[in-house]
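Ready to work through a few exercises on rings, strands and a backbone angle? Take a look at the model first, then try each task before reading its solution.

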Amino acid sequence: MNLRSPLKLSVFCSFNSILDEEYTEPRLDIDDLDETKMAAWYGSLRIAPSFMEFSTWIHEGGHALAVVSQGLLLYAEKALARHEINVPVFSNLLEIASQGTAETVTPREDGEYPRPSTPLRAPRVVTKPWRDADCARCTVCTRNVLVTHSSDMEIIVFIGSEFIDVCPAKYSDVVFA
């Protein structure tokens, strides 16, 4: 079956909308993390099998797909990588502070996260590179991500499941909520 279409889609999904429906996200207290708790928490994140099929279909059709998360890039990328889903993720960054500096925890080329040079008990800072100064509701402005990472020639599809998804839905051509 030929999935290619003259229409180009840019599909954006909220992270919570791609999780397995039976999944219940355990609470993650960022101030009380150790490596064992963090590894167990990452291991508990389950991507919905339907999203894995959808992701394959989108890529085979030559369309763009991205995930937007109000949480941390660290766990969203880790969960997607474990399911062998390679898509851009727009999210907040976790920085571990050490002696007045902060180290951003980002994946290596092999997709694994390096051990921070500072202990996980060190002060943590969450940076919000996608925050909009005019919005008090979201830590990641999904509307700005949609508008910045799509063109006027593309059909913007948004898939969301939370109250904060109302705003980006207004800027999308097709919405699943």
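The model is predicted, so local features need pLDDT of at least 70 and side-chain atom pairs count only at pLDDT 80 or more, while totals for chains, interfaces and linings use all residues. Residues are numbered from 1 along each chain as its sequence is written, and side-chain values use heavy atoms, with hydrogens and water left out.

**Exercise 1.** Work out how the rings of Phe54 and Trp57 are arranged.

Step 1: get the rule. Rings of Phe, Tyr and Trp (its six-membered ring) pair if their centres lie within 6.5 Å; planes under 30 degrees apart count as stacked, over 60 as edge-to-face and the rest as tilted. That rule gives three aromatic pairs here.

Step 2: apply it. The centres of Phe54 and Trp57 are 6.4 Å apart and the planes sit at 25 degrees, so this pair is stacked.

Step 3: Helices here are DSSP runs of H or I with at least four residues, strands are runs of E with at least two, and both are numbered from the N terminus.

Step 4: check the surroundings. Phe54 has a relative accessible area of 25% and is partly exposed; Trp57, at 39%, is partly exposed too. (Buried means under 20%, exposed over 50%, partly exposed in between, with a 1.4 Å probe and protein chains only.) Together with Phe51, these two make one aromatic cluster.

**Exercise 2.** Classify the pair Phe90 and Trp130, and say which parts it ties together.

Step 1: with 5.0 Å between centres and 85 degrees between planes, Phe90 and Trp130 are edge-to-face.

Step 2: Phe90 is in strand E3 (residues 89-98), and Trp130 is in the loop between strand E5 (124-127) and helix H4 (142-148), so the pair links parts 40 residues apart in sequence.

Step 3: Phe90 is buried at 9%, whereas Trp130 is partly exposed at 25%.

**Exercise 3.** Describe the setting of strand E2 (residues 64-72).

Step 1: seven of its nine residues are buried, so the rest of the structure largely encloses E2.

Step 2: strand E1 (residues 8-14) runs parallel to E2, joined by five bridges (strands pair if DSSP finds at least two). Ser14, for example, has Val68 in E2 as its bridge partner.

**Exercise 4.** What is the phi of Glu84, and where is this residue found?

Step 1: most residues other than glycine have a negative phi.

Step 2: Glu84 isn't a glycine, yet its phi is positive, about 60 degrees.

Step 3: Glu84 is in the loop between helix H3 (73-82) and E3, and is exposed at 75%.
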